[in-house]
Structures are given as C-alpha cells and as structure tokens.
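Try each one yourself before you read the solution.

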Amino acid sequence: MTWSNACGRLLVLLGLLLSGTSYAHELQPGFAALKQIDKVRWQVYWRIPDVAGRAMAIDLLLPEACLPHTGPNVVSKSGSWEADWVAMCEGGLAGKQIAIPGLEQTQTDVLVRFAALDRTPIFLRLNADTTTVTLPRDPDWRTVFAVYSGLGFEHILEGWDHLLFLFALLVLIPHFWRLVGAVTAFTVAHSLTLVASTIGWISLPGAPVEAVIALSIVFLAIEIISAQKDENRLSQRAPWLVTFAFGLLHGLGFAGALREIGLPQADIPLALLAFNVGVELGQLAFVTIAAIVLTLLFLPFGQRAVKARRTLVVVLAYTIGGVSSYWLIERVASFT
C-alpha cells in the first residue's frame, strides 16, 4: 500500500464521520399564507418545519386588530406541522405588520404568501435577522425577484452535495477553459430540468434522484483517481458531456427544493428565473472561493513536485469519495 493510498483511506474514514453530521438540502422553510376572503375575513394557513419530531418553536402573530391574534395549535402532517383558521381583521392587512417570534433563534426562513382581493399574490421572506414584516399595499415584481433569487442563492450554498460535486470538478479538471466548459454545461443542464420539473413536464420521485446525485459525486472521485494514472477517460476527453448528464439530475434536486417552497401562480416564470439566477450566483461564488483555496493548496508544490501534488489530489479524491459514498448508502437505505 502506498503512502498516498494509506492517507486516502484514513481520510475516507474521516469523511464518513464528518458526513454523519452533514446534511444535504436543509431548505425546509416555514410557510404562512394570508388569503383575503372578503372585506374583513382572511383565510390563514401556517406551516412549521419539523425538528426531531416536534414543531419548531416559532409562531405566527397577526396584527393586534385581527381576531384571533394567533392561530390554534399546529398538528403533524407529512413531516411538518400545520394549522389553518379564519381571522377577522378590521381595516385589512395591507400596511400592517406581522411577526414570527422565535425565528431569531433558528436558521430557518419563513415565506409569507400575501393575497389580497383583486391583487397579484406576493411572497415575502423572513429570517433570523428579520422576524417582522409590513405587508405591502402595492407589491411589484421586484419583491418576487428579490425573494426567490435569495432563496436560490442560499439553496446552493446549503446543498452540500451540489457543492461537493463542483469541488470535485475543480480537482478533476485542471485546465481553466475546459473547466469553464464543464461548469457551463452543468449550469445549462440543471436549468433545463429545474424548469421542466417545476412546471410539471417531467416528474421523478425525489429519493432515487437524491441517491443518483450522490452517485455522481462518487463517479467524479473515481475519475480523479483514474486521471492520476494517466488513463484516457471520458471525463478527460469530454468533461462537458459528463457534467451535462449529471447536471440534468442535479436540476431535479433543485426543483424538489423549489416545490417545497412553492411558487406564486401569477409569477411562475419570474420566480423560476429569479431562483435560477440565485443558484448561479451562489455557484459562481463557491467556485471562485474553492478555486482560490485549491490554488493556495497546490502552490507550494510547483511544477517540480509532481509526485507530492498527485498525492494531495488522491487524498482529496478519497475524501470526496468517502463522503459521497456515505450519502449514497444513506439515501439508498431510505428507500425502504
């Protein structure tokens, strides 16, 4: 056993341990829908994420003029906690403030769908830094774009499997323009399936898709090791083809997250565009930072320390392979 292989196997174990505390796709926001029924009545729907079998400790508070001011106890439904009720709000809700107490103690977002009569429904977003919001009187497209681009940006940065796939690409493809081509193909592919799946043109169960996404990272880890043996692989001859194929799968993963959030029916194209723009900006930010980190890692080796450089690449490949293998086993096991 060579030194590099020994180090690699140790890091596989480390990766497995770390992956036990890492989660892919932690985008499960809370959701509140306020739909006007008539001049004073509002239908209220409130959904809270599940945390270890219990409802997250957050609540929805309507303006004090509304009766009731808050809703009934939530009940468990399909992995989340929900409640719905009718509130009487004299003077309406436009221009009034709602609050989500407890949100400041979490890392969760809450989306608020505000649908007044004869108005286009809009979505607002609250988080730990912004736990109150004034419901707008005259919402516009900028609000929808800002909310969904922010969600797309956060989703890619919280999707550890997507990030690990991109990192593996950086390690596998050392040539700048070939890397640009591969990442562009990945972007085009996942944009296509994101749109197609979100609007219902294609539909696949989420669990197998997530498992194959993990498998795609295992594949790249194997390709990295094979490349160090100077084997002529498809990922070397046409990396864009490989990333395009896997990008189609990753787009289905993005679509699954977007379905959990929900789309404003009156602004589906705009929300899709904004979410995808957010994903691309997050992806670009990660690739830039990861490229700098890899450059700094490889810098001490220079061109003369080829063997040491290859050793580092193999160690990275084993680590990537260990983490992604853990995800693959975990996701396949969840089928039953």
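**Exercise 1. Find how many aromatic pairs there are, then describe the pair of phenylalanine 165 and phenylalanine 246.**

Step 1. Start with the rule: rings of Phe, Tyr and Trp (its six-membered ring) pair if their centres lie within 6.5 Å; planes under 30 degrees apart are stacked, over 60 edge-to-face, and the rest tilted. The count by this rule is six aromatic pairs.

Step 2. For phenylalanine 165 and phenylalanine 246, the ring centres are 6.2 Å apart and the planes meet at 75 degrees, so this pair is edge-to-face.

Step 3. Now place the two rings. Phenylalanine 165 sits in helix α3 (residues 160-172) and phenylalanine 246 in helix α7 (residues 239-261), so the pair ties together parts 81 residues apart in sequence. Helices (H or I, at least four residues) and strands (E, at least two) are DSSP runs, numbered from the N terminus.

Step 4. Check burial, where buried means under 20% relative accessible area, exposed over 50%, and partly exposed in between (1.4 Å probe, protein chains only). Phenylalanine 165, at 0%, is buried, and phenylalanine 246, at 16%, is buried too.

Step 5. Finally, look at the surrounding group: Phe165, Phe186, Phe219 and Phe246 form one aromatic cluster.

A note on the source: this is a predicted model, in which local features need pLDDT of at least 70 and side-chain atom pairs count only at pLDDT 80 or more, while totals for chains, interfaces and linings use all residues. Residues are numbered from 1 along each chain as its sequence is written, and side-chain values use heavy atoms, leaving out hydrogens and water.

**Exercise 2. Describe the disulfide that joins cysteine 66 to cysteine 89.**

Step 1. A disulfide is a pair of cysteine sulfur atoms within 2.5 Å. Here the S to S distance is 2.1 Å, and the count by this rule is one disulfide.

Step 2. The pair links distant parts of the chain: cysteine 66 is in strand β4 (residues 66-67) and cysteine 89 in strand β6 (residues 80-89), 23 residues apart.

Step 3. The torsion about the S-S bond is about 115 degrees, so the disulfide is right-handed. Both cysteine 66 and cysteine 89 are buried.
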